[in-house]
Amino acid sequence: MQNTVESRYGGEILFREWIPQAFIDHHQMGAYTARIYLPPYAEPIRPEGDPLVWREMSWYGAHMAYRMEEVGFQGTVNAAIYSGWGHFGFHWITPFHNIAGMLTESASARLATPLYVHPDQLRGSRQLPEYEAQTTFPNPWPGGWWRIRDIVERQIVATFSPLEIAAKNRETVLRNAYNKSSRQIQRGMDGEVKAYVIPAGQHDPRTMTKMVDKLLLQGITVEHSASGFTHEGRVYGAGSYVVSLAQPKRGVIRWLLGRTHYPDNSYTRTANGDPIRPYDMSADVIAEFMGVRVDPVGTAVTAPLTVVTAMPGMVGTVAAEAPHGYRIDGSLNDAFKVVNELFGAGAGVRRVTGYGVGVGRGDFVVEAGADPGALNEIASATGVHLTALSEDASAVSHPITRQRIGMYQRYYGGNMDEGWTRWLLEEFGFAYTSLLDPEILAGDLHERWDVIILPNDSKQMMLGPTGQATGGRGPDPSGTPPEYRSGFGGAGAEALESFVRNGGTLVTFAQAGDLVLGEFDVPVRNAVAGMWGNEFWAPGSTLKVRVDTSSPFAYGMPEDALAAYLAGGQVYETIPGARSDDVRRVVTYIDRDILQSGWLLGEEAIANKAAMVSVDHGEGTIVMIGFRAQHRAQTHGTFKLVFNALVGRGD
């Protein structure tokens, strides 16, 4: 996705300017298996890269391991632990750029502190079933002291040995760089899918342009149609894009834009038939994550097209005269960024909750009289148009104000989901405050906050050590100074429930919902609690959902969407009883054929069950999103399900 400036700089070097023949990413892993993992990857690999790229990884990795044994470093393993189907970070996406993208993983010490490892603590892993000698692990380390020096010495060998073999065989390496690229072009010409067409007519056209820009950041050739065209019986309007597969980066294109199915075979299941969790997501289709329609076509597009060298800056406009105010299209993610900027400028903003002339449910209205200079500046910066209303829309809209947003942040090294959610809020201009345990425990939260977010996290980590609340089982606090021991316990859970009962909105992501289900009195349960494996399994998959667009929490969404479901997610059903009317199903999994991309077992466990609910609780509302609607700031197609809870419902 190249969301961060650091990754964009890295991508510029790797994908567009330099395009190296090989790439190595040095990492650290757990402390109780091999001392260092070296290429190639374990099974399964993600197919459709050129075969030479996988052979090169074996070639480089064998030489790394050869040098390790030569200098007497025990505990080196190849082709184990890390599968060739991983997330599309740099070392796992580079093979599809025809670069031998490799990973090394060193066993960890305790940061820079030595660690003593007993022989009986050492264990196997994927394709290292026992901690015993095998062809890819001929010299097991017997245990003992493990130091940061041991890590560094092995990484030095892992760095210089591939440079040595590449330098000695540079003509072969360069010739095969050409071979890989030219063969991928031919596969693109011969394959069943010849191109992907990105239609101009999208639910959120601003997000579509962002996706095209991400393809360009990968060095992918994208072409643009200025006048529109007809292909395979479909009419594509002016402004549509075409991504041909007849180019060297065919493999990248196929996995970013094409529907993906994770393998279900002996490499991905245990001897007992239980599925093995992928290292990360089972699919990385950014078109699905971003909610952008992409059409695969079986014949080459021959319409007049222009190669896109860079995405033009999107400049929004403001209607010259708007006596009734301005409309902002609520289907745009960027509409929320505009609204947050308008709050900062002191403009009056309303949310449309019905239908009127020229406005629809979920649109925003900027009241007449707003500072024209501020409006022009905001529109220019965000690329969003502010159009004139043809008549007064106050009868179908309500005023909204900037909400006071707090987000829980725990200690113990932090929470990645919380960090990415902060990044997302900042990217779209939401003002928020990080809430630590003392703030939660201070009580009277409703007097200081309108919305509180609980990012994906376990109930145990939020409550803290055993004994702080019923069922609380958290980390051992003994190694942490008292002032940094995380956990708000039963008192914090009560404070959060009181916050809702007094009119606040509480938003939970994925397993953070366990705090509500276990500590609050709500008529909802997790329909997949305790299920795993063949009962129910969706490890990083995109699943088909229906959206109730009449709910204020789903304004601006399409009726049919895709949800990114990860391990630890939740699926909701209402407990029968007098309070059933307090629950509203905002997003629901469809009845059958739920999987779009990834891996799904036991779809009947979630068919026609809720992926997201809103629950009336006292004077307030709990918004429970069982999937990662904001995952890594990548899932643009479901951002509005988060944003709607943060701007006030306007009802």
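Pro 44 is placed in the loop between E2 and H2, helices (H or I, at least four residues) and strands (E, at least two) being DSSP runs numbered from the N terminus. The structure is a predicted model, in which local features need pLDDT of at least 70 and side-chain atom pairs count only at pLDDT 80 or more, whereas totals for chains, interfaces and linings use all residues. Residues are numbered from 1 along each chain as its sequence is written, and side-chain values use heavy atoms, with hydrogens and water left out.

The peptide bond from Glu 43 to Pro 44 is cis, with omega near 0 degrees. A cis peptide bond also leads from Pro 39 to Pro 40, with omega near 5 degrees; Pro 40 lies in the loop between strand E2 (36-38) and helix H2 (51-71). Most residues other than glycine have a negative phi, and most peptide bonds are trans. Ala 79, although not a glycine, has a positive phi of about 55 degrees and is located in the loop between strand E3 (76-78) and H3. With a relative accessible area of 17%, Ala 79 is buried, where buried means under 20% relative accessible area, exposed over 50%, and partly exposed in between (1.4 Å probe, protein chains only). Ala 633 likewise has a positive phi of about 55 degrees without being a glycine; this residue is found in the loop between strand E30 (620-625) and H16 and counts as buried at 2% relative accessibility.

The structure holds 27 aromatic pairs. Rings of Phe, Tyr and Trp (its six-membered ring) pair if their centres lie within 6.5 Å, with planes under 30 degrees apart counted as stacked, over 60 as edge-to-face and the rest as tilted. Phe 430 and Phe 643 form a tilted pair, at 5.1 Å centre to centre and 40 degrees between the planes. Phe 430 lies in the loop between helix H11 (416-427) and strand E20 (432-435) and Phe 643 in helix H16 (residues 639-643), so the pair ties together parts that are 213 residues apart in sequence. Both Phe 430 and Phe 643 are buried. An edge-to-face pair is formed by Phe 536 and Tyr 565, at 5.5 Å centre to centre and 80 degrees between the planes; both of these residues are buried.

Ring pairs also link Trp 54, Trp 85, Phe 88, Phe 96, Trp 255, Tyr 262, Trp 537 and Trp 599 into a cluster. Arg 46 lies over the face of Phe 88, at 4.1 Å from the ring centre, and over the face of Trp 255, at 5.2 Å from the ring centre. A charge sits over a ring if NZ of Lys or CZ of Arg is within 6 Å of the ring centre and within 35 degrees of the ring normal.

Trp 255 is one of the buried residues of H7. Helix H7 (residues 250-257) is mostly covered, with 8 of its 8 residues buried. The elements covering these residues include helix H3 (90-93), helix H5 (170-190) and strand E11 (241-244).

Val 338, in helix H9 (residues 334-345), counts as buried at 0% relative accessibility. Leaving aside neighbours within four places in sequence, Val 338 is in contact (heavy atoms within 4.5 Å) with Ile 328, Ile 378, Thr 382, Val 384 and Leu 386. Val 338 and Ala 379 are 41 residues apart in sequence and 7.4 Å apart in space, C-alpha to C-alpha.
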